[in-house]
Amino acid sequence: MSDLLERLRERGWRLTSQRRVVAEVLDGDHVHLTADEVHARAAERLPEISRATVYNTLGELVTLGEVVEVATDGRAKRYDPNAHRPHQHLVCTGCGTIRDVHPAGDPLADLPSEQRFGFTLSGAEVTYRGLCPNCAGQ
């Protein structure tokens, strides 16, 4: 069973066949699919699944905190199931590929106190940008 499915089961979230297939599509490392990509992959497994069901399920998963919406550079939102594993993102500025990365250090601790302006920090989002090997080789 996938990590996401296991978490949803533990929460007592009702797993209909449609919800299950959406969760299964989202399973894995470095998964950052758009809603349309989730729908296309879900429809391969469950042809009768509607786009509205996929969008509604993704919205519920985001509200539950089990999936994170990732928006980069005006591109379509992507959905990241690694909501409970601290990580940052590496984004290809060419094709939009997103990879999870786990840099050493703590971005909260790296911000000097004079740059905090009295804020009590609770989180940080760091996005690294560059070209993936495919785009760099073109």
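Modeller: What follows describes the sheet and then the cysteines. This is a predicted model, in which local features need pLDDT of at least 70 and side-chain atom pairs count only at pLDDT 80 or more, while totals for chains, interfaces and linings use all residues. Residues are numbered from 1 along each chain as its sequence is written, and side-chain values use heavy atoms, with hydrogens and water left out.

The open sheet has three strands in the order 5-4-6, with mixed pairing; strands here are DSSP runs (E, at least two residues) numbered from the N terminus, and two of them pair if DSSP finds at least two bridges between them. Because strand 5 (98-101) and strand 6 (127-130) stand at the edges with a single partner strand each, one side of each is left without a neighbour in the sheet. Strand 4 (residues 88-92) and strand 5 run antiparallel and are joined by four bridges, and Leu90 has Arg99 in strand 5 as its bridge partner.

Turning to the cysteines, a disulfide is a pair of cysteine sulfur atoms within 2.5 Å, and by this rule the count is zero. Cys95 is in no disulfide, as its nearest cysteine sulfur, that of Cys92, is 3.7 Å away. For Cys132, the closest cysteine sulfur is also in Cys92, at 3.6 Å, which is too far for a bond. Cys132 counts as buried at 16% relative accessibility, whereas Cys95 is partly exposed, with a relative accessible area of 35%; buried means under 20% relative accessible area, exposed over 50%, and partly exposed in between (1.4 Å probe, protein chains only).
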